[in-house]
Amino acid sequence: MQELLPPSRSDRLRSVGLVIALLGLFALISGLVDRDDKVTVAAQQQSAASMNDVDRSTGPIEGEFLVSGSSTVYPIVLEQAEVFSQANPGVAISVEGPGSGDGAQKFCDGEVPIANASRLYKAEEIEICDANGIEYIELRRGIDGITVITSPANDLVDCVSFNDLYALISEEASGFDRWANANALTSVWGGREFPDVALDVYGPGEESGTFDSFAEIVIEGVAKGKTGLDTDARDFVTSIRPDYTSSPDDNVILQGIGASDYSIGWVGFAFAKEAEAAGAAKLLQVAKQDGGACVSPTEETIASAAFPIARYLYTYINADAAANDSAVIAFVDYMMSEEGLQAVSSAGYIDLAEPDQRRAQSIWANRVTGPAWE
Amino acid sequence: MTMTQPAMTTDPATDAVPGANDVFTVDGLNVFYGDHHAVSEVDLTIKEREITAFIGPSGCGKSTVLRCFNRMNDLIDIARVEGTVRYHGVDLYDEAVDPVAVRRRIGMVFQKPNPFPKSIYDNVAYGPRVGGHKGNLDEIVERSLRDAGLWDEVKDRLGESALGMSGGQQQRLCIARAIAVNPDVLLMDEPCSALDPIATGVIEELMKEIKSEYTIIIVTHNMQQAARVSDRTAFFTAEIDEHSGQRRGKLVEFDDTGSIFSNPGDERTEAYVTGRFG
Amino acid sequence: MHERQTVSLDTLRARRGDDAAGHVFFVLITSAVGLAFFMVGAVGVDVVVEAWDILTERLWDFLGSPSSADEAKSGVSQGIRGSILIAAIVILTFPVGIGAAVYLEEYADDTWLSRLIQVTVRNLAGVPSIVYGLLGLAVFVKGLDGLTGGRSVIAAGLAVAVLVLPVIIITAGEALRAVPTPLREGAYGLGATQWEVIRTQVLPAALPGILTGTVLGIARALGEAAPLLVIGAVGFYTTGNQDFFEQLRGAFTALPMNIANYARLPAETWRGHAAAASVVLLILVFLINLVAIVVRARISKRLGR
């Protein structure tokens with residue numbers, strides 16, 4: 001009789017065993033995946049070692065740090081961190097790109113030693129750094145053109161001026177759903193006349209450095225009279241219309257641009273160039289002033305500042321870490337080296353002009369703290 | 001019968017009163033469900049090794065009274081019991097009494113067969129296991145199944161699920177399960193209401209066989225069943241409370257089964273047993 | 001006596017338009033089901049088509065490599081690891097949720113306080129996940145950084161576990177409530193204590209329902225991206241000389257973050273990586289659900305249902 005009876009205790013043991021087995025499986029899988037990481041890194045280590053010019057005379061560097069900040073700069077740092085870590089397997093480095101503002105918050109709270117920004121830190125951000133006793137080294141990294149784009153199907157518009165963009169995208173243009181609506185504004189200063197076709201506006205959201213830069217360079221530029229308009233005779237706004245389609249994801253913006261024939265929008269140059277190559281967007285020429293020279297966005301025109309909407313990319317280094325943290329020092333050394341700087345162009349951005357480049361390297365070499373760039 | 005449970009010592013004072021073979025003495029029992037006064041002023045005495053039947057129309061409180069004998073009403077939050085229920089002279093509702101110990105002495109079989117979703121063996125072994133029995137369970141299982149007249153039918157499939165048995169077998173398994181803990185009393189709450197006549201007959205025979213060892217109280221809505229199996233019969237009825245309009249159970253008459261059915265002392269009993277009401 | 005009924009085939013034949021509303025309703029629900037299948041199918045096909053090149057050309061490399069700036073090398077191994085660890089932490093906290101459900105259903109008296117707790121738990125299940133991210137940031141990243149190591153996979157796992165907890169408590173509570181009263185009474189009637197009844201009857205009978213809740217919980221835990229963003233899942237990390245336990249308290253990422261990061265990169269070619277990572281996440285959720293379904297089926301069978 002005994003063997004006919006499944007004793008319930010062993011059933012219970014079996015269930016417990018099953019749970020333990022499942023947890024073990026998890027541990028095993030994560031262990032395997034984990035080992036794969038190391039194998040990959042180790043395999044690439046040798047080839048990478050020759051590419052790096054970090055001084056390793058003091059023996060293998062160890063440490064751990066996080067690089068935060070601009071999502072625009074993220075691809076540059078990703079490539080640099082990857083190559084750096086292959087040559088320095090003892091350093092645990094992580095990179096994220098939540099945005100310039102989020103990065104500034106973490107940097108000025110002392111949470112991260114390195115933060116990227118697609119603009120200079122604002123006064124209120126600097127105040128937080130000061131209040132927390134965080135000294136920083138401000139490094140210029142590269143240039144990103146902000147490109148005005150439309151659909152490849154749009155054959156009515158090839159070139160826009162800052163004033164045109166103001167008439168289409170500033171807060172005064174709220175509610176405009178046809179290009180011809182903007183004529184009400186351009187006629188004020190005797191600007192161009194737009195055709196009567198549907199107007200769809202796409203751009204990044206407020207959390208983006210690209211949003212800030214576009215508003216600052218174009219809309220504020222017009223409002224401050226930099227394009228020759230009489231700002232005493234009339235009040236100009238400095239903000240962007242609230243009724244456009246915004247997304248934190250540049251690829252979503254590009255999809256919207258391609259989806260409607262007479263769309264207009266703005267994204268970083270790296271994204272626009274990729275989209276143009278894929279036939280998904282048309283890059284508009286831009287003239288700073290009405291009747292001025294129309295300039296196409298290219299690596300050359302952005303680097304030479306002939307293309308009028310460009311911004312510099314920055315990296316902020318915690319001065320304390322720059323003095324004491326060997327891993328951070330080694331990484332920034334690599335970042336600012338000739339080889340590390342190649343990541344700027346391979347990520348789709350434009351290298352600094354030679355004098356700026358040397359100045360940034362010297363600021364790092366001398367650990368100059370505080371605001372360094374205009 | 002071995003007494004492995006913490007014993008409820010019999011009070012010598014009550015031992016001296018007449019009727020030492022009284023198992024239960026109920027005195028002024030009232031049961032309330034919240035505001036509802038469900039059973040009012042029940043007095044009765046249950047004798048050892050007899051089958052006592054509770055009969056009466058629906059809602060007359062017979063099941064409620066039955067559930068007072070093993071403190072099953074404790075499981076209902078809003079239930080409240082007043083009066084005394086003495087078990088061998090011990091007040092079951094004394095603060096010191098543990099309902100778990102009560103239920104090991106006073107087993108219960110329910111209206112619908114409710115075998116556990118386990119094997120036949122584990123069903124019967126359940127009571128002894130939770131009771132902390134450490135010895136050989138096989139013996140207890142076999143004896144209980146034999147007592148319940150089920151052994152020959154299931155001895156070759158003790159490891160199979162109890163849920164694969166017929167309704168009548170399931171109910172006999174529940175009886176086997178109840179007697180496996182070696183109780184003193186078996187409470188049966190309409191044990192045959194979900195069974196066909198043949199299975200009912202088997203259970204009734206079983207009750208007569210095991211009454212030499214157990215005191216049995218059975219609630220039934222089937223008068224013939226009460227007449228067939230019981231030694232004594234209690235007839236309950238429901239009165240409508242003139243204030244609240246709620247039904248309130250009341251014990252009408254309690255006597256030898258023969259008297260209740262052939263010579264009832266109360267006209268309500270007579271009306272019920274002759275089928276004129278209920 | 002009444003007259004003999006005359007019955008012809010016509011009297012029994014369905015009359016036209018008898019059940020017009022029923023037919024309309026049937027068409028409506030059928031098309032609703034069809035639409036749902038079409039949407040899911042379209043999304044699935046779209047993702048698989050985008051992911052096809054990567055899945056066919058370098059599947060194992062993609063699964064086994066960390067993220068990289070090089071399209072040809074970039075993979076999701078760190079995301080898989082993070083997601084599995086998060087799921088494991090969430091599973092480890094399931095007993096807490098099941099225990100809470102047992103307490104609320106079996107032990108707590110029906111007072112205004114226990115009702116308030118029940119209602120609160122139900123409301124918590126509807127709180128947006130970003131709120132749990134903020135809670136996790138305050139409690140697990142900042143408050144308990146001695147335990148979690150700050151912005152770590154432990155902090156993320158605990159935040160997601162808290163997010164999943166109400167779902168577990170609600171489904172486990174419903175499963176416990178569905179255990180038939182006769183089962184409990186049968187056990188009580190044999191002299192079982194409350195704990196014995198819960199342990200030997202109620203929990204085993206409720207287990208299939210509880211497992212259903214855990215399946216939903218794990219699927220939700222694996223798919224959540226918002227709390228991970230707030231906790232600080234990174235795009236890329238290396239582990240240096242950290243051992244396993246140091247890594248648990250170090251930088252981490254998870255599959256939803258991999259997907260988001262790939263989708264944000266400029267080149268069109270990264271779309272395939274995002275799609276392939278989505279497929280990996282879907283398959284991971286599917287596999288874990290499959291395990292739970294198999295376990296559930298085995299338990300149900302053992303209970304003879």
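**Notebook: B–C interface, a pocket, salt bridges**

I began with the interface between chain B and chain C, which together bury about 1700 Å². Carbon and sulfur atoms carry 60% of that area. I then looked up which residues of chain B lose the most area to chain C: they are Pro117(B), Tyr126(B) and Val130(B). Together these three make up 29% of what the chain B side buries. I note that this is a predicted model.

Next I took the contacts. I found 23 residues of chain B touching 19 residues of chain C.

I turned to the polar side of this interface. The count of residue pairs in polar contact between chain B and chain C is 4, with both partners at pLDDT 80 or more. I asked which elements of chain B supply at least two residues each to the side that touches chain C. They are α3 (99–105), β6 (106–109), α4 (120–130) and α7 (167–179). I also sorted the residues on that side of chain B: 14 are nonpolar, 4 polar and 5 charged.

One I looked at pairs Arg67(B) with Glu185(C). Their closest N and O atoms are 2.9 Å apart.

**Second largest pocket**

I moved to the second largest pocket, which holds about 1000 Å³ of space. Its lining counts 48 residues. Which of them lie nearest the centre? I listed Gly97(A), Pro98(A), Gly99(A), Asp102(A) and Arg264(C).

By residue class, I have the lining down as 17 nonpolar, 15 polar and 16 charged.

**Salt bridges over all chains**

I totalled the salt bridges over all chains and the structure holds 39. I picked one within chain A, where the side chains of Arg178(A) and Asp196(A) meet at 2.7 Å, N to O. What does this pair tie together? Arg178(A) sits in the loop between α5 (162–169) and α6 (183–186) of chain A. Asp196(A) sits in the loop between α6 and β6 (200–203) of chain A. The pair therefore links parts that are 18 residues apart in sequence.

Notes
Residues numbered from 1 in each chain as written. Chains lettered and ligands numbered in written order. Predicted model: local features only at pLDDT ≥ 70, side-chain atom pairs only at ≥ 80, totals over all residues. Heavy atoms only, no water. Contact = heavy atoms within 4.5 Å. Buried area = accessible area lost by both parts, 1.4 Å probe. Salt bridge = Lys/Arg side-chain N within 4 Å of Asp/Glu carboxyl O. Polar contact = N/O pair within 3.5 Å; in protein donor to acceptor, adjacent residues only side chain to side chain. Helix = DSSP H or I, 4+ residues; strand = E, 2+ residues; numbered from the N terminus. Nonpolar A, V, L, I, M, F, W, Y, C, P; charged D, E, K, R; others polar. 1 Å grid on protein atoms, 1.4 Å probe; cavity = no way out; pocket = protein on both sides within 12 Å on 5 of 7 lines; lining within 4 Å. Points joined across faces, edges and corners; volume = space filled by probe spheres on them.
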